[in-house]
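Biologist: Please show me the protein. I want to ask what stands behind the words you use for it.

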Amino acid sequence: MKHFKLIIIVLSIICASCGEKQNKKTETSEIAEAKTQVEVGTISLVKAEAATKVNYSMETVIPDLNIPWGMVFLPDGAMLITEKAGELIYFKDGKKTEISGLPDIYVRGQGGLLDIELHPDYVNNGWLYITHASQDGEGNGGNTALLRAKLEGNKLIDVTRLYKAGPNSRRGQHFGSRIEFDNDGYLYFSVGDRGNRDENPQDITRDCGKIYRLNADGSIPEDNPFVGTENAKTAIYSYGHRNPQGMVKNPYTGKIWVHEHGPKGGDEINVIQKGKNFGWPIISYGVNYSGTKFTDITAKKGMEQPLFYWVPSIAPSGIDFITSDKYPEWKGNLLVGSLKFEYLERLVLEYNKVTKREKLFEGMGRVRDVKQGPDGYIYVAVENKGIVKIVPNS
């Protein structure tokens, strides 16, 4: 009987120990899950290599531009270029023509005339879309707006505002903003957090620090994630963003990819998902510009991990996938412009992971936008230079 009681006591101790271990496992499950996301979801230590051999050169096609923020290619062979200071330029046959009809552009800090994009069926409907900083609305200063218009001769007509973020702010940073369409014809655009880090990005009742999705006419899609949520900005598609200045549709998957500026370190590439929280500023791989921390965590349950992040920051602007046969060794790669280091970065992707980084054309200048044109060539907008085309060496 004594032996039986002893066995019971030992079994009780073992069970209690097992329960303690199980509780500990439960308590740490969120941390473990977040850690796993970091390990499988990102590669942070891929060093940017200098290109050993580049069989391409740069050819200037549009000279003498100051800050060419965005560009599109028209069916007639012309290009439209936005100058941040407020000029919309039509370029064809070596001649620049300024297009009239823009609304007032609020130019302050990083704000001004920003991105431009064509409707996927532009040939038939003629709609083009522009983001810019605007003073209209509540409060002093400005915020990012989206408009739709048509081009008639040298003038914009049928100019309609589709969205205006608010309230206005006199801060000069983080307006965003890029525009892209998905395969279903929905329009996405980005607005940065406007320097209000601790209020805007995590609050879906406020604009800024968001990726928005609209129908092409500016109406709200019925299946947007926060339709029906009290006081929410129903145009929001994802949130927790800092300052996305690159946006592209992945031609292989149809998903919308963005990159965004981190603070000191922590620039990110994110694959946008409906209703998801991308974590800024609760989680980040960056620190304050002074070197101090604003968060102690890089992962948290319920917040998305980036596909890739840069440490140190490269200050990314402009992004595009290369699908052209003109660059066979780059096909399927991602090109990203660097404002900070003044080069074009080639990212090699395998199974949605960055496995190699290569610096192209170091010292070319502050890269603002990158686009593969309808002719298959890569075009790069460079500050205080213009638009250059990357061509094979003869």
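This is a predicted model: local features need pLDDT of at least 70, side-chain atom pairs count only at pLDDT 80 or more; totals for chains, interfaces and linings use all residues.

Modeller: Residues are numbered from 1 along each chain as its sequence is written, and side-chain values use heavy atoms, without hydrogens and water.

Biologist: What makes a residue count as buried, and how many do?

Modeller: Buried means under 20% relative accessible area, with a 1.4 Å probe and protein chains only. Of the 394 residues, 52% count as buried.

Biologist: How do you know that S24 and S25 pair?

Modeller: Two strands (DSSP runs of E, at least two residues) pair if DSSP finds at least two bridges between them. Five bridges join S24 (residues 378-382) to S25 (residues 386-392), so the two strands count as paired.

Biologist: Why are S2 and S23 called edge strands?

Modeller: The open sheet has the order S2-S25-S24-S23, with antiparallel pairing. S2 (56-63) and S23 (367-372) each have a single partner strand, so one side of each lacks a neighbour in the sheet.

Biologist: What makes a set of residues a nonpolar core?

Modeller: Its members are buried Ala, Val, Leu, Ile, Met, Phe, Trp, Tyr and Cys residues, joined through side-chain atoms within 4.5 Å. The largest such core has 29 residues; Trp 330 and Ile 378 are among those that touch the most other members. S24 gives the most to this core, with five residues. A second, separate core of 21 residues includes Tyr 129 and Phe 189.

Key
Buried means under 20% relative accessible area, exposed over 50%, partly exposed in between (1.4 Å probe, protein chains only). Helices (H or I, at least four residues) and strands (E, at least two) are DSSP runs, numbered from the N terminus.
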